[in-house]
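Here's a quick briefing to read with the structure open beside you. Take it one topic at a time and find each spot as you go.

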Amino acid sequence: MTGETSKFDILIVGGGLVGCASAWHLARLGLKVLVAERGHLNSGASGQNAGSLHFQIERRFLEQGEKAAADGARIVTLNRLALEEWRGIEHMLGRPLDVAMHGGLMVAETEAQMALLAFKVARENELGLSTQVLDGAQLRERAPYLSPHLAGAAWLADEGHANPRILVDAFAEGAGEQGARIRTGTALTGLSMARDGTYSAVLSGPDGEMRVNTPRVLLASGHWVPRLAGMLGLNVPLYAAPLMMSVTDRTEPVLPYLIQHVGARLSMKQTEDGNLLIGGGWPSRLARRADGTPDLDRPAAVEMKNLRANLAVAARVMPGLAQRSLLRTWTGTTCISADQLPIVGEIPAAPGLFVAAGGSLFTLGPVLARLLARTIAEGSAPEELSMFLPRRFAHLDAFAVLP
Amino acid sequence: MRRIEQGVTRPEPIAVEIDGASVMAHPGETVAVAVLASASRRFRDDRSGAPRGMFCNMGTCSECTVWAALGTSPWRRVRGCLVLAEPTLRISTRDPESRP
């Protein structure tokens, strides 16, 4: 990295979806961008998730009671923007990204679950999302391969899936064409704030250490954000969520929709190649250090009990799945915030320091990166970002000591 | 591919079925061994229909994927190197459901 003396307007830490998409937008807005990725691009949650494009209120918001569901419903306004973003993303990046938006069904098995769906759909409709409730007969007409025992579903015509293995590459390549510098194998090993409010970062890469002085830093490193913010004594309430995804062998096209479940953890869809992808938020097991604390630097392990439960739900919803063979199950670690909403924007205690992380960031990542880039370039956050700003957790930094 | 015969003792052979033909295998051998010993080294076909052979013999490459069924139980896709040959085992290197 010797010879890289040019000044950067921003250092982005993390070469995943949010980091690379932010780099692309910021470079297009004329900023000089440096991206530092510790491993290789897309090696974290951005490439490990199963690529669902879900815009209905997620089950994780519904399983903590009506108050949490009402709070969670606020994310629908962002989901609507994300939906528009995905509609245009292949055109925007000028390449196919396996984006399929043929619709999504959140199924219910019981009358109690149908009531929860009705509550959810009413809230979504109020917020401008055109979900609709299908009864059992309507569901069977639309998706005859699903179990006849299902009581119904919530239908949203725009849901679907995309390929998480090629999206980040598209953003990174575009960012590079716009002048962004991207350094892989390069870890942030030191971060401090100078008296003038700028940041001094130490990057350790293949060619040794490099010190970068920059007015702005964006931490876009998923569940590692709290550790990196901790270098400045700051607290970002994000917690690791280790998950599992599975893929079956290829079969003829049978499932054009994204399938979710209102009463059980499930996501299921079919790839362009014909494989069925199964997930839905079932935990894997975090690696542990010798002292018993979680080791976020090693991959989580498949939890067989949860894998069996995940596949059982999937086969209950789509009986034909029982004839398929499981090719592979893998783990990936995302994170959730203290209130389940993503944390995106400037840290009040540290002007110039931005973070962007949280759950559902495959679906929401592209639009959040766009909004964040506007925030950074214009110096103030657009209204759409207001409920996701780190300022709602400002009390956690009340005792931080910065220059 | 042939079994080593000299200086090796094996359990009495059993019959398994590979693509409709009866093939002898010894208990403790894998399905992959039975296919290799059947004079055909052909396992799965790739998307263009070209034949593929076993590569890693340790459950990683999936090149030895075949269909297997015990007796009249349903066909399952398995990696031949991870499944032991058993009496009444049927093996198919083509999808048995779509066979003409």
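Let's start where the two chains meet: the interface of chain B and chain A holds 5 residue pairs in polar contact, with both partners at pLDDT 80 or more. By class, the side of chain B that touches chain A has 3 charged residues, 1 nonpolar residue and no polar ones. Keep in mind that this is a predicted model.

**Where chain B meets chain A**

- The contact draws on 7 residues from chain A and 4 residues from chain B.
- Together the two chains bury about 560 Å² between them, and 24% of that area sits on carbon and sulfur atoms.
- Three arginines do a lot of the covering on the chain B side: B:Arg47, B:Arg76 and B:Arg77 supply 79% of the area that chain B buries against chain A, more than any other three residues.
- You'll find 2 salt bridges across this interface.
- In a salt bridge between B:Arg47 and A:Asp273, the closest N and O atoms are 3.1 Å apart.

**Salt bridges in general**

- Over all chains, the count comes to 25 salt bridges.

**A:Asp297 and A:Arg227**

- The side chains of A:Asp297 and A:Arg227 meet in a salt bridge, with 3.3 Å from N to O.
- A:Asp297 sits in the loop between β16 (275-279) and α10 (304-317) of chain A, while A:Arg227 belongs to helix α9 (residues 225-230) of chain A, so this pair ties together parts that are 70 residues apart in sequence.
- A:Asp297 is partly exposed, at a relative accessible area of 35%, and A:Arg227 is partly exposed too, at 38% relative accessibility.

**A:Arg324 and A:Asp249**

- A:Arg324 makes a salt bridge with A:Asp249, and their closest N and O atoms are 2.9 Å apart.
- This pair ties together parts that are 75 residues apart in sequence, because A:Arg324 lies in the loop between α10 and β17 (326-337) of chain A and A:Asp249 lies in strand β13 (residues 238-250) of chain A.
- Are these two buried or partly exposed? A:Arg324 counts as partly exposed at 21% relative accessibility, whereas A:Asp249 counts as buried at 2%.

**B:Glu29 and B:Arg10**

- Over in chain B, the side chains of B:Glu29 and B:Arg10 join in a salt bridge of 3.8 Å, N to O.
- B:Glu29 is in the loop between β2 (21-25) and α1 (31-36) of chain B and B:Arg10 is in the segment before β1 (14-18) of chain B, so the pair links parts that are 19 residues apart in sequence.
- B:Glu29 is buried, with a relative accessible area of 10%, but B:Arg10 is partly exposed, with 30%.

**A hairpin in chain A**

- Strand β10 (residues 199-205) of chain A pairs with strand β11 (residues 208-214) of chain A in the antiparallel sense, over 7 bridges.
- β10(A) and β11(A) form a hairpin, with 2 residues between them.
- To spot one of the pairings, look at A:Ala201: the bridge partner of A:Ala201 in β11(A) is A:Val212.

Notes:
Residues are numbered from 1 along each chain as its sequence is written. Chains are lettered from A and ligands numbered from 1 in the order in which they are written. Side-chain values use heavy atoms; hydrogens and water are left out. A salt bridge is a side-chain nitrogen of Lys or Arg within 4 Å of a carboxyl oxygen of Asp or Glu. Helices (H or I, at least four residues) and strands (E, at least two) are DSSP runs, numbered from the N terminus. Buried means under 20% relative accessible area, exposed over 50%, partly exposed in between (1.4 Å probe, protein chains only). Contact means heavy atoms within 4.5 Å. Buried area is the accessible area (1.4 Å probe) that two parts lose on being put together, summed over both. A polar contact is a pair of N or O atoms within 3.5 Å; within protein, one must be able to donate a hydrogen and the other to accept it, and residues adjacent in sequence count only if both atoms are side-chain atoms. Ala, Val, Leu, Ile, Met, Phe, Trp, Tyr, Cys and Pro count as nonpolar, Asp, Glu, Lys and Arg as charged, and the others, Gly among them, as polar. Two strands pair if DSSP finds at least two bridges between them.
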